[in-house]
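Let's take a walk through this structure together, one piece at a time. Have the sequence and the 3D view ready.

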Amino acid sequence: KSSVQTIGEEQIQNPYTELLVLKGHQDIVRFLVQIDDCRFASAGDDGVIFLWNAQTGEKLFELHGHTHKITAIAPFFSSDASGENNQLILTASADRTVWDCSSGKQIQRVSCFHSTVKCLTVLQRLDVWLSGGSDLCVWNRKLDLLCKTSHLTDAGISALIELPKNCVAAAVGKELIIFRLIDRPEGWNVLEVKRIVDHQDNILSLVSVNDLTFVTGSHVGELIVWDALDWTKQASECNFWDSSLHIDAQPEIKLSQSPNETSVQHLASDEECVFAAVGKGIYVYNLQMKRVIACQKTAHDSSVLHIAKLPNRQLISCSEDGSVRIWELREKQQLPAEPVPTGFFNMWGFGRANKQANQAAKKTQENTTTYFLELVGDLIGHSSAVQMFLYFGELGLATCSADHLIILWKDGEQESRLRSVRLFQKLAQNGGSQLK
């Protein structure tokens with residue numbers, strides 16, 4: 001029997017009671033990227049990019065040009081010499097293409113690569129963008145190659161994030177490589193300044209928390225918190241899969257431990273917490289308290305592929321099992337007589353704590369409010385793995401899946417009110433024209 005939480009048909013706290021199904025893709029839809037407050041782009045294995053209206057679901061443009069599946073996508077907002085703002089989309093596969101979001105036209109295409117591009121990152125402040133494959137390349141918005149590194153590895157760069165002081169962190173297998181971009185009168189240069197090998201397996205996820213902190217997660221369930229200025233390790237955790245350490249964990253018998261069940265598939269953050277998708281579970285780590293404050297070890301029936309924070313202390317997660325779930329972080333006051341598990345956070349810190357520190361930690365935890373994740377919404381609509389989602393506030397939620405579909409989830413009550421308003425406006429206009 002599955003230990004995954006279930007929710008009844010009456011989902012009182014779930015506003016997404018209406019949906020629009022957007023069709024067009026002929027293969028897995030892997031990427032959604034927000035262009036502005038009401039537009040987004042989708043891309044995937046069919047090599048086609050679609051631009052959509054998030055409010056109406058209208059298909060705005062259909063962009064053809066890639067001959068292989070798309071492996072990365074990023075928006076690029078820049079100003080030209082005349083001061084006019086350009087909204088561009090960068091897409092990558094075995095080739096690399098730039099699209100104009102206003103006209104849907106292909107601006108330029110580059111195909112001189114030694115490997116498939118796995119990630120794209122825009123450095124808005126420097127008005128350049130980076131591509132990661134077997135090497136790291138720096139480009140301007142005209143697709144001029146400014147500089148590049150030497151060949152790094154056949155496996156290639158799997159993820160990139162921007163750091164302070166014109167630096168970027170690149171995940172290359174189990175290594176974390178720090179590069180610095182230098183803009184000199186004679187031209188741009190990219191220098192490798194540090195190579196860090198603290199992970200035991202391939203790094204799958206990177207997230208920047210703020211200008212001081214970033215976090216990495218690996219295939220075997222390691223999570224490391226880093227200083228973004230000097231790139232030193234601040235804290236680490238590798239016990240996500242140990243049920244004996246989990247808050248409110250249910251006893252479970254396992255014959256073996258699959259690597260996918262410990263893999264840190266995705267990370268998200270706000271200024272307060274890091275949200276980790278680990279195997280089938282989701283975890284909330286508070287940066288100030290330096291501990292995981294809530295978790296759902298079996299949030300889904302299969303691996304969680306994407307996680308994000310919503311307003312009002314809510315989280316959303318999607319999974320290979322085709323489900324999209326909304327969670328609310330709630331407080332649970334710890335009873336004084338109830339023992340609080342402390343082992344879960346023994347790995348966080350700078351070294352082995354002494355006995356006195358352990359006793360102080362226990363005393364602090366006894367008086368600390370604990371938290372739990374309550375399932376408040378279960379969005380059933382996709383028939384295959386949900387790859388990711390975008391949150392558009394009042395316009396709703398967009399999800400994409402291996403079933404070739406995109407679904408816009410709408411607030412049913414809000415949509416009903418809007419239809420009523422439009423109906424009354426139409427009646428008023430018709431009534432006015434008849435009186436004339």
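Start with an open sheet built from 4 strands, in the order 14-15-16-17, with antiparallel pairing. A strand here is a DSSP run of E with at least two residues, numbered from the N terminus, and two strands pair if DSSP finds at least two bridges between them. At the edges sit strand 14 (159–163) and strand 17 (187–196), each of which pairs on one side only. Neighbouring strands in this sheet are turned by 25° against each other on average, direction ignored; the axes behind that angle are lines fitted to C-alpha atoms, and angles run from 0 to 180 degrees between N-to-C directions.

Before going further, keep in mind that this is a predicted model, where local features need pLDDT of at least 70 and side-chain atom pairs count only at pLDDT 80 or more, while totals for chains, interfaces and linings use all residues. Residues are numbered from 1 along each chain as its sequence is written, and side-chain values use heavy atoms, with hydrogens and water left out.

As a general point, strands of a sheet pair through backbone hydrogen bonds, either parallel or antiparallel.

Now hop along to Asp227, which lies in strand 20 (residues 223–227). Is Asp227 buried or exposed? Asp227 counts as buried because its relative accessibility is 17%, and buried means under 20% relative accessible area (exposed is over 50%, partly exposed in between; 1.4 Å probe, protein chains only). Leaving out residues up to four places away in sequence, Asp227 touches Leu212, Phe214, Thr232 and Gln234, where contact means heavy atoms within 4.5 Å. The side chain of Asp227 also reaches the backbone nitrogen of Asp230 at 3.2 Å.

Next comes a hairpin. Strand 24 (residues 281–286) and strand 25 pair in the antiparallel sense over 5 bridges, and Ile282 stands opposite Gln296 in strand 25. There are 4 residues between the strands of this hairpin, and Lys290 takes a positive phi near 55°. Strand 25 (residues 291–296) is mostly covered, with 6 of its 6 residues buried. Cys295 counts as buried because its relative accessibility is 12%.

That brings us to the cysteines. How many disulfides are there? The count comes to 0 disulfides, taking a disulfide as a pair of cysteine sulfur atoms within 2.5 Å. For Cys318, the nearest cysteine sulfur is that of Cys400, 7.6 Å away. Cys318 counts as buried, at 0% relative accessibility.

Notes: A polar contact is a pair of N or O atoms within 3.5 Å; within protein, one must be able to donate a hydrogen and the other to accept it, and residues adjacent in sequence count only if both atoms are side-chain atoms.
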